[in-house]
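Work through the following exercises with the sequence and the model open beside you. Each task is followed by a solution that goes step by step.

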Amino acid sequence: PLPLPLPLALSGMDGIFVSPRNENLRMNFVDAVVAGYAPDGGMLMPAQLPQPVGFQRLCEWSQLAYPQLAARVVAEFAGQDPEAVALCREIETAFAEFGHPDVVTLQPLPQESELYVAELWHGPTLAFKDLGTQVLCRMLASIMRKRKERLTVLVGTSGDTGPSALESVIMCGADAALDCVVLYPKGRVSQVQEAQMLAAAARSDRCHVIAVDGTSDDLDVPVEAVMADPVFKREQRLGNVNSVNIIRMLVQAVHMFFTYFCVTRDYWTAATAANSSSSSS
């Protein structure tokens, strides 16, 4: 039997995404990455119900490093469009600047044989959000380069996402056709987070930081309103890297697979060896 709990592994996606508010609003994977929100302001969701990944594929996944596993998981949702497939391959290089070669690490709790803490903070801004934004901004920069277009990502942050998005845009390179505007609630983020954002804005003329009155919920209102206006969004070439973007959601789920495989490594090593032997015989 499989060691439990096994994260839900999905397969067989057609790479089409729809708005839950209107299933007729359909986008392919690449357009969904750029749009962030659906044209009606809803979150984009896979149009097709997924199928479980088979045992053989799980054996393959269990042997992968985190960057390769992230690429495989996201690719399950991308479909077979060549541009989407090529985009997923770029994920493998998105974690080069993380502070640990494993990207995500596990630490056992003292005196506990089966309990671990997952360390998700090895990214450039020491935040969990780096896992998703590094991949997403790299993808957006690649798409804009191929389309010969420019995109401004609009971010509302309560603290972590702002520094992470700004740093991710900067790390795409000075020639990336990607700008970033971050709104944050004045006096409601930590001094470290504010310093990170201001330092990023000082380093790059493509990064802009604006303190606003009110809470992070308050600043979400104008951001969501802008994203729900397709004409304004298109004219101003706006994108989004907040957690509604499908890439943020997908990449930020990869650590569940990775940590599961880490704590059940003995099982999957034996299963992979047995599966390889039976395949070759």
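Contact here means heavy atoms within 4.5 Å, and helices (H or I, at least four residues) and strands (E, at least two) are DSSP runs, numbered from the N terminus. This is a predicted model, in which local features need pLDDT of at least 70 and side-chain atom pairs count only at pLDDT 80 or more, while totals for chains, interfaces and linings use all residues. Residues are numbered from 1 along each chain as its sequence is written, and side-chain values use heavy atoms, with hydrogens and water left out.

**Exercise 1.** Describe how helix α6 packs against helix α7.

*Solution.* Begin with the residues that meet: G162, P163, L166, E167 and I170 on the α6 side, and Q193, Q196, M197, A200 and R203 on the α7 side. These residues of the contact divide into five nonpolar, three polar and two charged, where Ala, Val, Leu, Ile, Met, Phe, Trp, Tyr, Cys and Pro count as nonpolar, Asp, Glu, Lys and Arg as charged, and the others, Gly among them, as polar. Turn next to the geometry: the axes of α6 (residues 161–170) and α7 (residues 191–203) come within 9 Å and cross at roughly 25 degrees. That makes α6 roughly parallel to α7, a label given to angles under 35 degrees.

**Exercise 2.** Place T125 in the chain and list its contacts beyond its neighbours within four places in sequence.

*Solution.* T125 lies in the loop between β7 (116–119) and α5 (130–147). With those neighbours left aside, T125 is in contact with D130, P163, S164, E167 and Q196. Of these, P163 and E167 belong to the α6 side of the helix contact, and Q196 to the α7 side. The relative accessible area of T125 is 8%, so T125 is buried (under 20% relative accessible area, with a 1.4 Å probe and protein chains only).

**Exercise 3.** Is helix α3 largely enclosed or largely open, and what covers its buried residues?

*Solution.* Seven of the 10 residues of α3 (residues 66–75) are buried, so the helix is largely enclosed by the rest of the structure. The buried residues are Y66, P67, L69, A70, A71, V73 and V74, and their cover includes α1 (29–35), α2 (55–62), α4 (82–89), α5 and α10 (246–263).

**Exercise 4.** Classify the ring pair of Y66 and F95.

*Solution.* The ring centres of Y66 and F95 are 5.3 Å apart and the planes stand at 85 degrees, so the pair is edge-to-face (centres within 6.5 Å, planes over 60 degrees apart). Y66 in α3 and F95 in the loop between α4 and β6 (105–108) are 29 residues apart, so the pair links distant parts of the chain. Both Y66 and F95 are buried.

Conventions
Axes are lines fitted to C-alpha atoms, for helices over the stretch in contact, and angles run from 0 to 180 degrees between N-to-C directions. Angles under 35 degrees count as roughly parallel, over 145 as roughly antiparallel, 65 to 115 as roughly perpendicular and the rest as oblique. Buried means under 20% relative accessible area, exposed over 50%, partly exposed in between (1.4 Å probe, protein chains only). Rings of Phe, Tyr and Trp (its six-membered ring) pair if their centres lie within 6.5 Å; planes under 30 degrees apart count as stacked, over 60 as edge-to-face and the rest as tilted.
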